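Reader: Hi! I'm new to looking at protein models, could you walk me through this one?
Author: Happy to, let's open it up together.
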Amino acid sequence: MLARNASAQNPTFTDSSLTSNDGPVTHIFELVVTDDDSAVSAADSVTITITPPANAVPTAEAGPAQGVVSGLQVALAGLGTDDDGTIASYAWTRTGGSGDAANAVLSDASAQNPTFTDSSLTSNDSAVTHIFELVVTDDDGATSAADSVTITITPPANAVP
């Protein structure tokens with residue numbers, strides 16, 4: 001709390017000590033005035049309650065697009081940020097793509113960086129994609145907007161006969 005000129009008629013103060021995880025705080029101020037003949041008044045008080053700011057919504061980043069050869073493990077690179085707290089959970093969902101969803105089952109859809117391996121392609125196949133979305137939830141229960149990433153699975157090289 002920062003008081004500004006406590007001897008002024010209308011002093012001000014700023015209390016920026018609270019985060020969204022805090023409860024309200026109360027400040028009690030007393031006013032005593034002295035006149036030009038040095039007579040002092042009885043004290044009068046005022047109570048000011050400071051409430052915490054609203055919870056900031058976290059941000060999800062699903063990471064950069066990746067290209068991986070069929071049969072190699074893919075590691076999704078998720079990141080969650082919360083300006084006024086911490087990330088409590090991650091939630092990945094496969095939302096589309098040209099590849100078969102059964103070939104892109106995540107190791108743990110609630111992990112920050114889950115993995116999967118799509119081994120479905122042979123050297124004669126065309127590349128396929130898998131699109132994943134990430135949503136994060138902060139320690140106050142706020143959820144982020146979804147962020148997506150596209151993973152391209154390319155066929156392995158043709159083996160020399």
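Reader: Let's start with Phe 29: what is its relative accessibility, and how does that count?
Author: Phe 29 has 28% relative accessibility, so it counts as partly exposed. Keep in mind that this is a predicted model.

Reader: How many aromatic pairs does the structure hold?
Author: There are 2 aromatic pairs. In one of them, Phe 13 and Phe 29 sit 5.0 Å centre to centre, with 45 degrees between the planes, a tilted arrangement. Phe 13 belongs to strand β2 and Phe 29 to strand β3, so this pair ties together parts 16 residues apart in sequence.

Reader: Why does the pair of Phe 116 and Phe 132 count as tilted?
Author: Their planes are at 45 degrees, so the pair is tilted, and the ring centres are 5.3 Å apart. Phe 116 comes from strand β10 and Phe 132 from strand β11, so parts 16 residues apart in sequence are tied together here.

Reader: Is Phe 116 buried or exposed?
Author: Phe 116 is buried, at 3% relative accessible area. Phe 132 is buried as well, at 0%.

Reader: New topic! Which residues touch the most other members of the largest nonpolar core?
Author: That core has 18 residues, and the ones touching the most other members are Leu 76, Trp 92, Phe 116, Phe 132, Ile 151 and Ile 153. Strands β9, β11 and β12 each give two or more residues, and β11 gives the most, with 4.

Reader: What is Leu 76 in contact with, away from its sequence neighbours?
Author: Beyond four places in sequence, its contacts include Trp 92, Phe 132, Val 149 and Ile 151.

Terms used
Residues are numbered from 1 along each chain as its sequence is written. This is a predicted model: local features need pLDDT of at least 70, side-chain atom pairs count only at pLDDT 80 or more; totals for chains, interfaces and linings use all residues. Side-chain values use heavy atoms; hydrogens and water are left out. A nonpolar core is a set of buried Ala, Val, Leu, Ile, Met, Phe, Trp, Tyr and Cys residues joined through side-chain atoms within 4.5 Å. Buried means under 20% relative accessible area, exposed over 50%, partly exposed in between (1.4 Å probe, protein chains only). Contact means heavy atoms within 4.5 Å. Rings of Phe, Tyr and Trp (its six-membered ring) pair if their centres lie within 6.5 Å; planes under 30 degrees apart count as stacked, over 60 as edge-to-face and the rest as tilted.
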